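Please look over the sequence and the model before reading on.

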Amino acid sequence: MQSTAAVSVSASATASRGGARSEAARRPGGIRVCGLRGEALTCPSLRISQAPARLAAARAAAAANGAVAGSGGGFDYDLVIIGAGVGGHGAALHAVEEGLKTAIIEGDVVGGTCVNRGCVPSKALLAVSGRMRELHDEHHMKSMGLQVSSPGYDRQGVADHANNLASKIRSNLTNSMKALGVDILTGVGTIVGKQKVRYGKAGFPDKEITARNIIIATGSVPFVPKGIEIDGKTVFTSDHALKLESVPDWIAIVGSGYIGLEFSDVYTALGSEVTFVEALDQLMPGFDPEIAKLAQRVLINPRKIDYHTGVFASKITPAKDGKPVLIELIDAKTKEHKETLEVDAALIATGRAPFTKGLGLENINVVTQRGFVPVDERMRVMDADGNVVPNLYCIGDANGKLMLAHAASAQGISVVEQISGKDHILNHLSIPAACFTHPEISMVGLTEPQAREKADKEGFEVNVVKTSFKANTKALAENEGDGIAKLIYRPDTGEILGVHILGLHAADLIHEASNAIALGTRVQDIKFAVHAHPTLSEVLDELFKAAKLQPREGRDSKPR
């Protein structure tokens, strides 16, 4: 999730930003392709005191487009958002900035999965695991002249750290919306007709409101395959694991994607032995294969982790009556029984499923696809006949395009741009992803197999270059030389197709590459960018400089 400190801007600064937006709008075809933006409140008094002037200016501008509240149609709101997670929050803040009267409906707590049961508390646990790894790595500490004896941890203290962080960020998000005049409506939202939403909670009468535009932002829940019995204590999902109610001696993790990898980092740092159960033939499916191979060498093999690949967990029974957790494994292809594991606990990390039941989509002739709400490239909801449902959008995990919190926020901002009269299409290939293990993994764009498949279909060549963290001064100063960066690009045009990083602070480094893809910056241009020395960013500097382009008459090799 993105969370940047924000203070109010002056009228002149707002005007300047508006000028930049107007310039961006004059791109060919009138379509603006995205960047990301997010805000979180850290100084309520400053924001509240200056917000009215800012909103007045925004609403005056919106009035010119006929989008301001009360400008006709008799709607209660210009925009109603169902779901107050990171996606809904990002859309709400941008809508207020555009002068739209906005309400957000939340049936649980503000912040959604990311803040309360996902990326925020998990990063608190991973921060602890990172410290523990350092303190326990005697060779690493001695090489830097440090001596540490008997490092330990307090399980409840670690759990409290994660819970306190989630509470703080949840409060920040709530305060930021209230300060800007977003109405936060408590209850479960249901679409009851065109531009109509009903909301309410048990024990209270339902209320119905109307909106010029509606955004569905209901997110997702952990996916639990058939045959797995969840008790929340010995067999559980990431929702339960983040509470860290126990640290089992031996835990099986079903699924080796982002969630499974991060929790393996946490549990092994705290002393657990881990067994991965993966349905595909290799660990870390979805990652670039070369990065996954190196990640296995760094993140799996040296640790107390073993694994079973090409198998399904057909049945998992919680521990009870003194018996351990039982996991029945079958061959993923033949479905024949292979073996039964006996472990202390099992974490189900098999992905997430959209939370779209009860939205009332049947009232507007919308049929979900495996639970996902069908949308077009502008996040407009499509009905059962393939037609766009007017004034209805769906963002984030609920549409399944890219199940990342910051992707949901970017989609929400893109939708608000459209509502405000500015056509906008989000380039999903420019959205980065990260796995916060130690060291971290990050990526943006295509994997090498995906790039080569695209090249075969479209008739162009693909080149790959790599640089090592072992050649980076800052990484060596930290004694953290394990890692590589990989660039996949077109040698004929210099187009960046994908960048993948495994190494120290990879999650922070990836954004130079993602912004380059978003802005259409080519290798021949970005190679002239200057990076401070000595910094980890020089890993990417060397990466871009290593790219070789095909000779082409008239190619401009000078910095622009």
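Which side chain does that of Glu448 join in a polar contact? The partner is Lys486, and the polar contact between the two side chains is 2.7 Å. This comes from a predicted model, so the distances and angles here are to be read as those of a prediction. Glu448 belongs to helix α12, which covers residues 448-458. Leaving aside residues up to four places away in sequence, Glu448 touches Lys486 along with Asp288, Glu290, Val464 and Ile488.

Val464 stands opposite Ile488, a residue of β26. Strand β26 spans residues 484-489 and pairs with β25 in the antiparallel sense over six bridges. Both strands are part of an open sheet of five, in the order β23-β24-β27-β26-β25, with antiparallel pairing. At the edges are β23 (433-435) and β25 (463-468), each of which pairs on one side only. From one strand to the next, the twist averages 10 degrees. Helix α12 packs on this sheet and touches β24 (440-445), β25, β26 and β27 (496-503). The direction of α12 makes about 10 degrees with that of β26.

His505 is in the loop between β27 and α14 (506-519). Phi of His505 is near 55 degrees, a positive value in a residue other than glycine.

Leu244 is buried, with a relative accessible area of 2%. A cis peptide bond also joins His533 and Pro534, with omega about -5 degrees. Pro534 lies in the loop between α15 (523-526) and α16 (538-546).

Another loop, between β19 (352-354) and β20 (380-382), contains Thr356. Why does Thr356 count as buried? Its relative accessibility is 9%, and buried means under 20%. The side chain of Thr356 reaches the backbone oxygen of Gly371 at 2.6 Å. Besides Gly371, Thr356 touches Thr218, Thr368, Val373 and Ala398, not counting residues up to four places away in sequence.

Val373 is also among the residues touched by Val381, as are Val366, Pro374, Val389 and Leu392, again not counting residues up to four places away in sequence. Val381 is a member of the largest nonpolar core, which has 53 residues. Val381 is one of the residues that touch the most other members, together with Val80, Ile81, Ile209, Ile215, Leu361 and Leu392. Helix α3 (residues 86-97) gives this core its largest share, six residues. A second, separate core has 47 residues, including Ala124, Leu270, Ile300 and Leu426.

Last comes the chain as a whole. It has 560 residues, of which 50% count as buried, and it contains 16 helices and 27 strands. Among contacts between residues at least 6 apart in sequence, 65% join residues at least 24 apart. The accessible surface of the chain comes to about 25500 Å², and 52% of that belongs to carbon and sulfur atoms.

Note on methods. Residues numbered from 1 in each chain as written. Predicted model: local features only at pLDDT ≥ 70, side-chain atom pairs only at ≥ 80, totals over all residues. Heavy atoms only, no water. Core = buried A, V, L, I, M, F, W, Y, C linked by side-chain atoms within 4.5 Å. Buried < 20%, exposed > 50% of the residue type's maximum accessible area, 1.4 Å probe, protein only. Helix = DSSP H or I, 4+ residues; strand = E, 2+ residues; numbered from the N terminus. Contact = heavy atoms within 4.5 Å. Areas by Shrake-Rupley, 256 points an atom, 1.4 Å probe, with all protein chains shown as cover. Polar contact = N/O pair within 3.5 Å; in protein donor to acceptor, adjacent residues only side chain to side chain. Pairing = 2+ DSSP bridges. Axes fitted to C-alpha atoms, helices over the stretch in contact; angles between N-to-C directions.
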